[in-house]
Amino acid sequence: DAWLLFQPALQIFGFWFLLDVVLKIKLPRGTNFVDYFLLGMLPWLFISEALSRSLTVLSEFSGLYRRAVFPVIILPLLPLLLSSILYALVMTITVGLIAGPMTMPLGILTIFGLAVWLMPLCYLLSIIGLFLKDVGQFFPFLITLTLYLTPILYMPDSLPPSMQWALAINPVADMMAIIHAGVQELAWSWANVWRPVVWWLILLG
């Protein structure tokens, strides 16, 4: 479906036009804003799409497991798998354009690494969405709020010290730090690694 590509592309274009063309945002230490923005926004759109679609997947495809013998355990991963294929391609091309052809495997590793991390959350959201349908009305607000609390449109040290705790409890912020470190060689710490792992183990349990 062409809309799967057109919708995120339109979002990216809108943010880019506002922040880079109109407001002319400049990042410290000579970091290229467009590169930084794309390397954060593409994984974010992947996360947002996979989680949002997981919330409704069991309701949308209820006919598959109610009228036929179908392994329902696969369904929560279906949106994640489809989004992974699409965004892995886009992310690989983007990383190659930003950092050179030799870095293109990092695009694939980024998306599929995120996909593994998202698996337990996709299962959890699919169950919540099946029994608590009102969550679907609140979820877009939560996704938008998390976007602005994740260093995608700004760098982590741009947040005032009094708000740095928001990054410490946000595992997506840690994963963005790892992505930018891998492609743009920006600063990272071991806390950016172990915090998402702890969250993943909690969700897995």
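Author: A nonpolar core is a set of buried Ala, Val, Leu, Ile, Met, Phe, Trp, Tyr and Cys residues joined through side-chain atoms within 4.5 Å. Buried means under 20% relative accessible area, exposed over 50%, and partly exposed in between (1.4 Å probe, protein chains only). The model here is predicted: local features need pLDDT of at least 70, side-chain atom pairs count only at pLDDT 80 or more, and totals for chains, interfaces and linings use all residues. Residues are numbered from 1 along each chain as its sequence is written, and side-chain values use heavy atoms, with hydrogens and water left out.

Reader: How many residues does the largest nonpolar core have?

Author: In soluble globular proteins, nonpolar side chains tend to be buried together. In this model the largest nonpolar core has 47 residues. Those with the most contacts inside it are Met41, Trp44, Phe46, Leu51 and Leu118.

Reader: Which elements give two or more residues to this core?

Author: Helices (H or I, at least four residues) and strands (E, at least two) are DSSP runs, numbered from the N terminus. The elements are α1 (3-22), α2, α5 (78-99), α6, α7 and α9 (171-184). The most comes from α2, with 12 residues.

Reader: What is Phe46 in contact with, leaving aside its neighbours within four places in sequence?

Author: Contact means heavy atoms within 4.5 Å. On that basis Phe46 meets Leu80, Ser83, Ser84, Tyr87, Ile111, Leu114, Ala115 and Leu118.

Reader: How do I read an aromatic pair?

Author: A pair of aromatic rings is described by the distance of the centres and the angle of the planes. Rings of Phe, Tyr and Trp (its six-membered ring) pair if their centres lie within 6.5 Å; planes under 30 degrees apart count as stacked, over 60 as edge-to-face and the rest as tilted. The count here comes to four aromatic pairs. One of them is Phe33 with Phe37: centres 5.8 Å apart, planes at 10°, so the pair is stacked. Both residues lie in helix α2 (residues 33-54), four residues apart, about one turn of the helix. Both Phe33 and Phe37 are buried.

Reader: Why is the pair of Phe138 and Phe141 tilted?

Author: Their ring centres are 5.7 Å apart and the planes stand at 50°, so the pair is tilted. Phe138 and Phe141 are three residues apart in helix α7 (residues 135-148), about one helical turn. Phe138 is partly exposed, at 45% relative accessibility.

Reader: At what angle do α6 and α10 pack?

Author: Axes are lines fitted to C-alpha atoms, for helices over the stretch in contact, and angles run from 0 to 180 degrees between N-to-C directions. Helix α6 (residues 104-131) and helix α10 (residues 191-204) pack at about 35°, with axes 9 Å apart. From α6 come Val116, Trp117, Pro120, Leu121 and Leu124; from α10 come Pro196, Trp199, Trp200, Leu203 and Leu204.

Reader: Is Ser126 buried or exposed?

Author: Ser126 sits in helix α6. At 1% relative accessibility, Ser126 is buried. Not counting residues up to four places away in sequence, Ser126 touches Ser54, Leu55, Val57, Leu58 and Pro76.

Reader: Where does Leu77 lie?

Author: Leu77 is in the loop between α4 (62-66) and α5. With a relative accessible area of 24%, Leu77 is partly exposed. Leu77 touches Met119 and Tyr123, not counting residues up to four places away in sequence.
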